[in-house]
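Have the model open as you read.

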Amino acid sequence: MPDSLTGRDRLAQAALASLPQILMQQDRNPVSATYGCFDRAYWHYRILDFPCGMSQEFVLPLALAWALPMPGNRWHGEPAMRDWVEAGIRYAARSAHADGSCDDYYPHERAAGAAAFSLFACLEAAKIVGLEGDAEIEAFFAKRAEWLAHHQESGRLSNHEALIIACLARMSQRDAARWNEALAQRVARIASWQSAEGWFDEYGGADPGYLTLTIGMLADADAIRPDLNLQPMIDRAVAFLATVIHPDGTLGGEYTSRATVNFFPHGLERIGARNRQALAIAERGYRRFEADVGPSHADDRIVGHHAWSRMLAWRDWQAERPAPLALADGLTDHEGAQIRVQAKGTLRLFVGWGRGAAFRLFDGERLLRADTGPTLALVDGKVAVSHLPGMRVVERTADAIEVEGPMAYAKTARLTPAKSIVLRLMMLSIGRWFPDLVRRMLQAILVTGRKDAPFHASRRIVWESGALVVTDRITPRSGWANVRRAGIGGFQVSITTIMARVWEPAQLQPFDDVTAQVRALSGAAPLTITRRYEPGA
């Protein structure tokens with residue numbers, strides 16, 4: 001990118017680059033029965049038997065592109081774009097269940113995340129293109145908001161809760177008496193999910209990437225309903241975020257609870273006039289565009305999230321800019337999040353001791369090493385990893401962290417034709433009436449459950465003479481014969497998180513294969529791997 005581009009220009013450029021991909025997802029034929037549908041797998045490929053409700057969120061980047069005079073915006077003011085926004089909102093209304101809910105990955109799933117994302121997008125898009133007051137659309141908004149107001153999904157996903165709050169805050173502008181009680185209950189609920197350290201719970205831990213979305217949605221609600229007293233919560237979250245943003249402007253990764261590398265900047269811009277720390281974080285975050293180190297979220301299902309956040313950040317851009325956030329020296333341990341951030345000279349370490357001491361290590365603004373710990377591919381197709389929750393801390397001092405415990409099997413379950421038939425039958429019977437029961441079952445299989453593997457692992461990370469030394473030790477319970485391949489990777493995610501496992505330029509870091517060392521071992525002899533990382537290496 002040319003050096004003359006400003007941070008605001010880069011936001012616009014990144015957002016607009018996704019518009020052709022988003023437009024390709026939509027059925028734009030006015031005489032089609034699925035006119036306005038954004039689920040191409042449903043209306044075009046016909047490989048799904050229901051439309052994904054989350055996809056209707058794409059109306060928002062289209063509406064913003066139509067409305068905003070961003071540099072290089074060929075879609076600004078195009079009448080067809082407005083027509084496609086309206087078609088998308090009307091399709092969201094007509095494809096919803098009778099109770100206003102929608103599905104995401106399975107029929108009759110009634111997914112809160114999909115319902116909240118798409119309702120927020122439709123509410124904002126309708127406002128932008130002038131559809132507020134339309135009888136069909138307003139009836140849909142009320143029905144979906146009513147379902148969201150009284151639905152409590154299993155698991156703690158604070159970003160979903162913040163989205164619901166933003167939706168209900170917007171609905172309260174239409175009829176405060178109808179929505180105020182539910183809105184107050186939701187605010188109290190998310191407040192109870194905020195750690196004293198500032199982060200909001202995402203499946204039992206802190207995920208800085210999702211936190212930026214939670215901040216953004218609470219900031220949106222605060223702008224509409226300042227009486228909700230959301231600012232103290234937002235400011236505590238921003239203060240936590242300031243401690244965990246990486247030197248190159250990236251965020252999160254495999255050492256965090258959901259392993260995302262998200263960055264939603266719109267909330268930081270929205271509150272930037274009163275919270276300069278938020279704006280300094282945003283300035284640090286925009287460094288990713290200059291150095292081209294940011295992740296790609298160009299997935300057909302999630303590309304819209306990031307496009308509209310960047311466009312909203314462009315719209316709410318604060319003219320007076322601080323310098324990029326200055327990173328603190330020394331050591332910060334977040335006990336609740338189980339995350340350590342430590343600077344020694346030019347090296348800066350981010351380690352999740354609750355994730356088997358997975359880490360990312362920077363030398364200045366350059367990622368020196370990402371590391372998700374030892375991984376063993378077994379002959380039966382299973383994979384044993386050390387970065388799932390469950391290992392215990394042996395030592396944690398200013399200069400060392402050591403964890404140990406049994407390795408666990410990565411969550412690699414996939415659909416087969418037989419499983420697909422069973423799941424469809426379940427969703428058409430039990431799941432139709434008890435979708436949360438099915439959701440809890442799938443969460444245990446794909447996210448929260450753990451099954452120990454027959455290997456014991458320990459990891460010790462210690463500072464020695466300005467360098468970081470990492471020692472991994474793996475001991476098998478019954479020998480190494482069942483290990484097909486062994487090594488240490490930098491970006492392995494072993495739970496199902498929709499916004500994880502995206503492309504990052506840093507993933508060009510090679511996999512450290514140690515299979516040959518394993519082959520040289522016999523019996524229950526341990527495998528020991530020691531590495532040393534120095535500044536300038």
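Phe263, Tyr286, Phe289 and Trp317 make up one aromatic cluster. This is a predicted model, where local features need pLDDT of at least 70, side-chain atom pairs count only at pLDDT 80 or more, and totals for chains, interfaces and linings use all residues. Residues are numbered from 1 along each chain as its sequence is written, and side-chain values use heavy atoms, with hydrogens and water left out.

The structure holds 10 aromatic pairs. Rings of Phe, Tyr and Trp (its six-membered ring) count as a pair if their centres lie within 6.5 Å; planes under 30 degrees apart are called stacked, over 60 edge-to-face, and the rest tilted. Two of these pairs are set out here:

| Pair | Geometry | Centre to centre | Angle between planes |
|---|---|---|---|
| Phe38 and Phe58 | edge-to-face | 5.6 Å | 90° |
| Tyr286 and Trp317 | stacked | 5.6 Å | 25° |

The Tyr286 and Trp317 pair links distant parts of the chain, 31 residues apart. Tyr286 sits in the loop between helix 13 (276–285) and helix 14 (287–291), while Trp317 is in the loop between helix 15 (303–315) and strand 1 (331–334). Helices here are DSSP runs (H or I, at least four residues), as are strands (E, at least two), numbered from the N terminus. Tyr286 counts as buried because its relative accessibility is 2%, the cut-off being under 20% relative accessible area (1.4 Å probe, protein chains only). Phe38 is buried too, at 1%, and Phe58 comes in at 0%.

The charged end of Arg8 sits over the ring of Trp314, 3.8 Å from its centre, and that of Lys382 sits over the ring of Tyr409 at 4.8 Å. The test asks for NZ of Lys or CZ of Arg within 6 Å of the ring centre and within 35 degrees of the ring normal.

Now for the cores. A nonpolar core is a set of buried Ala, Val, Leu, Ile, Met, Phe, Trp, Tyr and Cys residues joined through side-chain atoms within 4.5 Å. The largest has 121 residues, and Ile89, Phe141, Trp308 and Met311 have the most contacts inside it. Helix 6 (residues 112–129) gives the most to this core, with 13 residues. A second, separate core of 33 residues includes Leu378, Ile461, Trp463 and Ile488.

Finally, the serine. Ser172 belongs to helix 8 (residues 158–172) and is buried, at 5% relative accessibility.

Conventions. Buried < 20%, exposed > 50% of the residue type's maximum accessible area, 1.4 Å probe, protein only.
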